[in-house]
Amino acid sequence: MEFAIETKDLVRVFKPSRKLLKRKKNPNGEGGSGEGPVTALDRVTTQIRQGELFGLLGPNGAGKTTLIKILCTLLLPTSGQAWVAGHDISKDPFPIRERINMVSGGETSGYGLLTTRENVWMFSQFYGVNSKVAKARIDELLHIFGLWDKRDAKVRTLSSGQRQKMNMIRGFVTDPDILFLDEPTLGLDVNASRVIREYVEAWVRKQKGKTVLLTTHYMAEADQMCDRIAIIDRGRILACDTPENLKRTIRHDTTFRLEVDTLRSASAFSGMKGVKNFSSKDDASKNTTSLTFILEDESAVSDILSAVQAQGAKIHYLQKSEPTLEDVFISMVGRGLE
Amino acid sequence: MSAATVTSRIPHRIRLNLRAVVGRAYPRIVGANREPSWIFFEAILPLLGIAAYVFIYQALANRVLLDPTVSAADKAATVAATNALIGSVVLGGTMIAFWLNVLWSMASQLYWEKEIGNLQLYMMAPMSRMALLGGMAVGGMFMTSVRAITTLVAGVVVFSIVLQVTNPFLLIAVFFATLVALYGMGMTLASLYLLWGREAWHLSALLEEPIFFTSGFYFPAGGLAYVGGWGRVLLTAATAIPATLGLDAMRQLVFPGAWGDKLWIFSPEVELVIILVLGVVFLVLARYALAYLELLARREGRLTSRHQ
Ligand SMILES: Nc1ncnc2c1ncn2[C@@H]1O[C@H](COP(=O)(O)OP(=O)(O)O)[C@@H](O)[C@H]1O
Ligand SMILES: [Mg+2]
């Protein structure tokens, strides 16, 4: 088997639910984004090698979870094909299920009445893991994730960080060949995130043939951990390469970050000479707008500053910085990741 | 795949699915005992229901027993008939524990699993879907059995009921066949409830009382046949609920000859066969209902996902 995961022209369209259709008929109902079918994945073609730590980086609603669900055999594609561990996800789900596991951020699975240990053990039984083997692995993982003190605590008493560590243990306890992690550090504190990232990296690097597909909208996470990254937006993969190569695509450009008084409009910047792309985000609490510019020509800065001042906005902060993966994203779609 | 790998995979699948059943039953068996309120619902409520009927039947009997004009033979017959009636109620109350567990706990199980976020993890696991449902059923059965035995023993002792077991094997066979059929029904309902969502709740609430009545939990259901007009229709409908025939057969087997053998539906042997058929039908239905549900979930992407 060459690839752990392979997809070919995957398309997933969600039809609006009956409830939404009803609302549409109602003249007072909300319109907008809820209407019409949503193309969550648009001809996604990827190949992920065995042993790779592969990242899927994209903003909310990009289609990351949809792709993971299809690969985990929870969802069928509208068209296109995908193979996981060499098996077709539509036709042959059971052999895939034996070899994968999935953990998503903020999940609240399990039973609050069970203890941490019992909960993970229960899930391991659905994969037929020998009970003794499972218990030994659970104890080892509880130590690694710093959850040993909570081994006999009821799940409902765990904090969200502790819960997510337990979920990670649930993912590793079945010793999958391919592990899907859907925003595993979503909403976690720095410490819990670090423990999780370090273990995931070690797990892939120290063993042969283990593959991880990780989705995230934290660019630092993708940059630090992943061998290769696919940048995804509105269901389409825009680029796929190593973090270094992705950043190299904008190496001739300059990144400037600005914080200014809230702007009435950022349209003055689009099409400005020397500006390849930019993102703008208002912060209502601080009454400011944060701007990131990807400049082909550094001299465009003076035009930008005059445009800001023309709106009567004060400049709080201006910085030239190293390109990040987010800048790569901005240069491609003109929006930030968050 | 070669023939050798096929045969070596069969025990592997069986082992996996047995583990899955035990794993899925575990939280019901262990977890439920950590929640003392269950004891109240599962053991005390049926006892209260039983007591109400027992007092009515005893009061009716007393009118005969305290009447000086009634002969000693008639009084003895009344005592026997009342013993069978009260015993029937205790048996009915015992089975109600299972019926409530099926109707409320089993049927809504998958729906709650979806709400919690467990369902998609279950669907993603390699276990067979029947192992998932089976685990739920075994857990529910085990937990409920503890309560049911409490109810039965308390009822028999408190109301000093005389049981006359003539054919223990048939009795045990009927009991387990009834449980399998009942939980098979619960497994089918579980998928249907998930499909229908909250509306199904109202159905449960709506069905609960009428089924208590038509299934004869508190009186021999065969009596319905003597009610003019709709009685027979109700009784026929009630036989689709495995508890009806199961209870009737068990009552026949512990109170032989009660009420001049006029209130039984069929013979226990015939009833056992019907229950077994019902059990198979429900299990097959459950399997296909869940397979259909899974297909729908994978196609439409809304049944297993928590947020949609
Ligand atoms: N079950 C569903 N029904 C309808 N629309 C959905 C469903 N799941 C996802 N979507 C839509 O598909 C798009 C991609 O969603 P998702 O895959 O969850 O993105 P991400 O995980 O990258 O945030 C979004 O527009 C979302 O609203
Ligand atoms: Mg997502």
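Trainee: Why are helix α3 and helix α5 of chain B called roughly antiparallel to each other?
Mentor: This is a predicted model. In it, the axes of α3(B), residues 72-116, and α5(B), residues 129-158, cross at roughly 155° and come within 9 Å. Angles over 145 degrees count as roughly antiparallel, and therefore α3(B) and α5(B) get that label.

Trainee: What is the hand of that crossing, and what kinds of residue make the contact?
Mentor: α3(B) passes α5(B) in a right-handed crossing. The residues of the contact between α3(B) and α5(B) divide into 15 nonpolar, nine polar and no charged.

Trainee: What makes the pair α5(B) and α10(B) oblique?
Mentor: The axes of α5(B) and α10(B), the latter being residues 268-300, cross at roughly 120° and come within 10 Å. That angle makes α5(B) oblique to α10(B), because 65 to 115 degrees counts as roughly perpendicular and roughly antiparallel applies over 145. The crossing of α5(B) and α10(B) is right-handed.

Trainee: Which residues meet there, and how do they divide by class?
Mentor: From α5(B) come B:R129, B:M130 and B:L133, and they meet B:L283, B:A286, B:R287, B:L290 and B:E294 of α10(B). By class, the contact of α5(B) with α10(B) has five nonpolar, no polar and three charged residues. Arg and Glu count as charged, and B:R129, B:R287 and B:E294 are among the residues that meet.

Trainee: How do you know how α6(B) and α9(B) are oriented?
Mentor: Helix α6 of chain B (residues 168-196) packs against helix α9 of chain B (residues 242-254) at an angle of about 170°, with the axes 9 Å apart. The angle makes α6(B) roughly antiparallel to α9(B), since the label applies over 145 degrees. α6(B) passes α9(B) in a left-handed crossing.

Trainee: What are the classes of residue in that contact?
Mentor: There are 13 nonpolar, two polar and no charged residues between α6(B) and α9(B). Among those of α6(B) are B:L170, B:F175 and B:T178, while α9(B) brings residues including B:P242, B:G246 and B:M250. Gly counts as polar, and B:G246 is one of the residues in the contact.

Trainee: Which elements does chain B have?
Mentor: Chain B has ten helices and zero strands. Its C-alpha trace spans about 80 × 45 × 40 Å along the principal axes.

Trainee: What makes A:R97 and B:E294 a salt bridge?
Mentor: Their side chains meet at 3.0 Å, N to O. The cut-off is within 4 Å, so the pair qualifies. The count between chain A and chain B is two salt bridges.

Trainee: How much area is buried between the two chains?
Mentor: About 3,300 Å² is buried between chain A and chain B, and carbon and sulfur atoms give 57% of that. The contact takes 41 residues from chain A and 39 residues from chain B.

Definitions and conventions:
Residues numbered from 1 in each chain as written. Chains lettered and ligands numbered in written order. Predicted model: local features only at pLDDT ≥ 70, side-chain atom pairs only at ≥ 80, totals over all residues. Heavy atoms only, no water. Axes fitted to C-alpha atoms, helices over the stretch in contact; angles between N-to-C directions. Helix = DSSP H or I, 4+ residues; strand = E, 2+ residues; numbered from the N terminus. Parallel < 35°, antiparallel > 145°, perpendicular 65-115°, else oblique. Left-handed = near helix turned anticlockwise from the far one by under 90°. Contact = heavy atoms within 4.5 Å. Buried area = accessible area lost by both parts, 1.4 Å probe.
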